[in-house]
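Could you walk me through this model, strand by strand and helix by helix?

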Amino acid sequence: MKNLLVIPSILALISCGKMDNTTQLQSDPTQIESLDIHVKDTTVQFLWRDMKYDSALNDSFNSIFLNLEYVDIMEDPEKAALGYVATFIGNECWWDGDAEEDRSNLDCKIITALGLGYQCSDRHLGFLKEWFSDDPQVLAELESANCPTTPYTATIQDTFDEIELTVKGDSIIVNYKVSAINFREQKNWEWSVADYFVVKGDKLMLINRDKSEVGQGRFDLTGG
């Protein structure tokens, strides 16, 4: 079990060079009308990584930490933005008990903290589909067949290194950094993303995504 806990640490230590790759999801975000919303302007660090001591193992390992104080006061549009982002990136996901045959009991740190139940559950996807019901591109992504159920021990996996949340007016911006690894091929890579959302009444839309490939490399698990 101790070896399994080392996996997030390996992912968290990866880094290299940088190049820009911007994807425009909607032609002009400024043309979307400003509507009444209920979120307050703020910028918070929602997720970071640090060493965590495990008394049972008598050892420390790199782990994800969440701003749970902010989760307690977070409004639903912010939960929807973060929940959407977290759906497709690993966040220390592990089975609640033995893995069910249909993989329906995967407990992911962010999804659970947001009160959305198990990864890919009706509660999880239903909440997001309701908020993104006016965004056909996001709705297509949120189909059950596209929802990953990947535990943190998988051979090929990714994980968050950092998430920053900014709310300004009717806009929500989620900036995040990700590390990924392929143990079979001993390859690793990193990227960073800024997702831009707009709140439109009781709906949310993803209007733009800026993605930067930080770099990739190789590693040797044997230490040779």
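Twelve bridges join β7 to strand β8 (residues 187-200), and the two run antiparallel. Here helices (H or I, at least four residues) and strands (E, at least two) are DSSP runs numbered from the N terminus, and two strands pair if DSSP finds at least two bridges between them. This is a predicted model, in which local features need pLDDT of at least 70, side-chain atom pairs count only at pLDDT 80 or more, and totals for chains, interfaces and linings use all residues. Residues are numbered from 1 along each chain as its sequence is written, and side-chain values use heavy atoms, with hydrogens and water left out.

Follow Lys177 across the strands: Lys177 stands opposite Ser192 in β8, and Lys177 in β7 is also the bridge partner of Glu162. Strand β6 (residues 156-168) pairs with β7 (residues 171-182) in the antiparallel sense, again over twelve bridges.

Now look at the turns. β6 and β7 form a hairpin with two residues between them, where Gly169 has a positive phi of about 65°. The β7 and β8 hairpin has four residues between its strands, and Gln186 in that turn has a positive phi of about 55°.

Next comes helix α3 (residues 76-87). Eleven of its twelve residues are buried (under 20% relative accessible area, with a 1.4 Å probe and protein chains only), so α3 is largely enclosed by the rest of the structure. Among these buried residues are Leu82, Tyr84 and Val85.

Key: Buried < 20%, exposed > 50% of the residue type's maximum accessible area, 1.4 Å probe, protein only.
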